[in-house]
Amino acid sequence: PRARRRAARRLSARRAPRDAAVRRELGYLFLDLERPQQAAAQFQQSVELEPEEALGWVWLVQSLRLAGDQAGAESWMARAPATAQAMLRTGRPPERP
């Protein structure tokens with residue numbers, strides 16, 4: 001089942017490359033696979049496509065932190081909308097969908 005979900009997500013990305021929700025899902029997948037840099041790339045695409053969606057920003061910053069890129073995380077956090085910044089200040093990321 002897990003491999004099937006991964007394949008479905010990749011296929012979705014090919015069919016809907018400009019869909020921010022698909023990019024976030026791929027980011028979550030890469031986090032599950034312990035590949036935070038690839039996750040960050042997907043979350044970055046999601047915030048570029050849908051900048052008002054706070055979860056994309058939150059998980060982009062969290063992914064960069066996990067990848068050891070503190071400067072990148074701080075840079076993106078400074079640009080994030082207020083709602084995302086508030087979520088990040090709690091010190092706990094929100095539950096993933």
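Figure 1. Leaving aside residues up to four places away in sequence, the residues touched by R65 are Q70, A73, E74, M77 and L88. The view also takes in P36, whose C-alpha atom is separated from that of R65 by 8.5 Å; the two residues are 29 apart along the chain.

Figure 2. When residues up to four places away in sequence are not counted, R24 touches F43, S46, E50, E53, L55 and G56. Of these, F43 and S46 also take part on the helix 3 side of the contact with helix 4, and G56 on the helix 4 side.

**Figure 3. Packing of helix 3 against helix 4****.** Two packed helices are described by the angle between their axes and the distance between the axes. Helix 3 covers residues 36–49 and helix 4 covers residues 54–66. Their axes come within 8 Å and cross at roughly 155°. Helix 3 is therefore roughly antiparallel to helix 4, as angles over 145 degrees are classed in this way. The crossing of the two helices is left-handed. Helix 3 contributes P36, A39, A40, F43, Q44, S46 and V47 to the contact, while helix 4 contributes G56, W57, W59, L60, S63, L64 and L66. Sorted by class, this contact of helix 3 with helix 4 comprises ten nonpolar and four polar residues, with no charged residues.

**Figure 4. Helices and confidence along the protein chain****.** The protein chain contains six helices and zero strands, giving the pattern α-α-α-α-α-α when read along the sequence. Of its 97 residues, 37% are buried. Among contacts between residues at least 6 apart in sequence, 46% join residues at least 24 apart. The mean pLDDT of the chain is 87, and 82% of the residues reach 70 or more. Confidence is highest in helix 5 (residues 70–79), with a mean of 97, and lowest in helix 1 (residues 2–15), with a mean of 63. Where pLDDT is low, the predicted coordinates should not be read in detail.

Notes: Residues are numbered from 1 along each chain as its sequence is written. This is a predicted model: local features need pLDDT of at least 70, side-chain atom pairs count only at pLDDT 80 or more; totals for chains, interfaces and linings use all residues. Side-chain values use heavy atoms; hydrogens and water are left out. Axes are lines fitted to C-alpha atoms, for helices over the stretch in contact, and angles run from 0 to 180 degrees between N-to-C directions. Helices (H or I, at least four residues) and strands (E, at least two) are DSSP runs, numbered from the N terminus. Angles under 35 degrees count as roughly parallel, over 145 as roughly antiparallel, 65 to 115 as roughly perpendicular and the rest as oblique. A crossing is left-handed if the near helix is turned anticlockwise from the far one by less than a right angle, and right-handed if clockwise. Contact means heavy atoms within 4.5 Å. Ala, Val, Leu, Ile, Met, Phe, Trp, Tyr, Cys and Pro count as nonpolar, Asp, Glu, Lys and Arg as charged, and the others, Gly among them, as polar. pLDDT is the predictor's confidence in each residue, from 0 to 100. Buried means under 20% relative accessible area, exposed over 50%, partly exposed in between (1.4 Å probe, protein chains only).
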